Amino acid sequence: MNSPLPEPRRPTVERSVRSIGEAVEALQELTARFAAFASQETLARERCDVNAVARLVAEMYAATGDVRTALSPDAGEIEADRTQLARAVTNLVKNAREAAGREGRVEIRTSRTTPSRGEMARGGGGESILIEVLDDGPG
């Protein structure tokens, strides 16, 4: 029974989907705060594929369809607490969605960067992995 949604109902359904998404975000934040308080969280460092974390966060927003990804296949892995990394990216996406507004788009990008000669001369490290969250909102 896959009939198209009648046009008069579309705005109501879209508002409802956004409201559900916002409620899920609020519950995720509340749960994360409670977990941090209850367990006095300790970091669990492990090898993390940054693209897998970015995909996970984007999938949490799949119902609204306004978070895209542009993931570099060579972004690689980092040593980090996967939960904290996912939480940080989720918070950036949440802020970007708010800045983008109802019709805006958000994109999570990953890449591997090499420092410039100037950075190397100043003692900068080697390659880095960059995670960006961009939006097309005003400001």
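Tutor: The second largest pocket has a volume of about 160 Å³. A pocket is an open set of points on a 1 Å grid over the protein atoms alone, where a 1.4 Å probe fits, with protein on both sides within 12 Å along at least five of seven lines. The volume is the space filled by probe spheres set on points joined across faces, edges and corners. This is a predicted model, in which local features need pLDDT of at least 70 and side-chain atom pairs pLDDT 80 or more, while totals for chains, interfaces and linings use all residues. Residues are numbered from 1 along each chain, and side-chain values use heavy atoms, without hydrogens and water.

Student: Which element gives the most to the lining of the second largest pocket?

Tutor: Lining residues have an atom within 4 Å of a point; here they include Arg18, Glu22 and Arg97. Helices (H or I, at least four residues) are DSSP runs numbered from the N terminus. Both α1 and α3 supply at least two residues, and the most, 3 residues, come from α1.

Student: How many residues of that lining are charged?

Tutor: Asp, Glu, Lys and Arg count as charged, and Gly is among the polar ones. The lining has no nonpolar residues and 1 polar residue; the charged ones number 7.

Student: Which element gives the most to the lining of the largest pocket?

Tutor: The largest pocket has a volume of about 330 Å³. Of its 14 lining residues, those closest to the centre are Gln28, Glu29, Ala32, Arg87 and Thr90. With 6 residues, the element giving the most is α3.
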